[in-house]
Amino acid sequence: MLSKEELDSLNKWFEDKEPLEVLKWGIEKFHPKIVLACSLQAEDLVILDMLSKVVEKPKVFIIDTGRLHQESYELIEEINKKYNTDLRIYFPDYKEVEALVNKHGINLFYRSVELRKACCEVRKVLPLRRALEGMQAWITGLRREQNFTRGGIKKIEIDEVNGGIVKLNPLADWTWEQVWEYIKKNNVPYNKLYDKGYKSIGCVPCTRPVKPWEHPRAGRWWWEQNSDKECGLHYRGVK
Ligand code: SF4
């Protein structure tokens, strides 16, 4: 879809541009085959707010793993009240979930990194594949400072893991402070778990608040010592 040379020159051009410029480019090129992956984190809401200024009824998807916080469900209701979106919610395949938990237990994720990843695969990654079917591009709220696995992300990537479609990371170079400055200034709805000490939000059993001095993702799968702290939605199969 984009050659290596085109990709390099686009990234060079957009590196010092605002996220809105990246989004405008993505919408012009791919709409209506472009979708925002909203995992109900602060960054996703920033992008949703920006997108709603660029296009009518932006396509958005949320993956409901079945283990989300009540605050996350409340945020979905707030999104529906405030924004005019084409929002789809994707669920895991119940047969896959049943097979996994009946074999390994309802809280299998605490038993090993492999089982935790198997749970993420069934509850998150496989629904993601369905959400991206027919799309030419997807948008994420990834930022370079979030995790050691994300330090090298570019604003525009080719997602080899998901069929070679384009992946836009408009907030790649934003800081945590910039995210919250935008939220406050634009009165963007946000997940109320942030007011309770959470800095990164996932499923209930796998997320906890962090201390002020801890890394923002220290509350994700906190019992794992040497894992990559990723669920698999953003494996680095990108150019
Ligand atoms: Fe399962 Fe935890 Fe991954 Fe959610 S974050 S899908 S509960 S392992």
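This is a dialogue on how to read some features of a predicted model.

Reader: What should I know before I start?

Author: The model is predicted: local features need pLDDT of at least 70, side-chain atom pairs count only at pLDDT 80 or more, and totals for chains, interfaces and linings use all residues. Residues are numbered from 1 along each chain as its sequence is written, and side-chain values use heavy atoms, with hydrogens and water left out.

Reader: How many helices and strands does the chain have?

Author: Helices (H or I, at least four residues) and strands (E, at least two) are DSSP runs, numbered from the N terminus. Here there are seven helices and six strands. Their order along the sequence is α-α-β-α-β-α-β-α-α-β-β-β-α.

Reader: What radius of gyration does the chain have?

Author: The radius of gyration is taken over C-alpha atoms, and the globule rule is 2.2 Å times the number of residues to the power 0.38. For 239 residues a compact globule would come near 18 Å, and the 17 Å of this chain agrees with that. The C-alpha trace spans about 50 × 35 × 35 Å along its principal axes.

Reader: What share of the residues is buried?

Author: Buried means under 20% relative accessible area, exposed over 50%, and partly exposed in between (1.4 Å probe, protein chains only). In this chain 54% of the 239 residues are buried.

Reader: How do I read the contacts in the chain?

Author: A contact means heavy atoms within 4.5 Å. Of the contacts with a separation of 6 or more, 71% are between residues 24 or more positions apart. Lys4 lies in helix H1 (residues 4-14) and is partly exposed, with a relative accessible area of 47%.

Reader: Where do the side chains of a strand point?

Author: In a regular strand the side chains alternate between the two faces of the sheet. Take strand E5 (residues 156-159), where Ile156 and Ile158 are on one side, Glu157 and Asp159 are on the other, and all four are buried.

Reader: Which strand is joined to E5?

Author: Two strands pair if DSSP finds at least two bridges between them. E5 has four bridges to strand E6 (residues 165-168), and the two run antiparallel. Within this pair, Glu157 is opposite Lys167 of E6. The two strands form a hairpin with five residues between them, and Gly163 in the turn has a positive phi of about 80°.

Reader: Which residues other than glycine have a positive phi?

Author: Asn187 is one of them, with phi near 50°, and Trp221 is another, with phi near 45°. Asn187 is in the segment after helix H7 (176-185), and Trp221 is placed in the segment after H7 too. Asn187 is exposed at 61% relative accessible area, whereas Trp221 is buried at 1%.

Reader: Where is there a cis peptide bond?

Author: Look at the bond from His31 to Pro32, which is cis with omega near 10°. Pro32 sits in the loop between helix H2 (19-30) and strand E1 (34-37).

Reader: What can I say about Pro212?

Author: Pro212 is in the segment after H7 and counts as exposed, at 69% relative accessibility. Its C-alpha atom is separated by 30 Å from that of Leu115, a residue 97 positions away along the chain.
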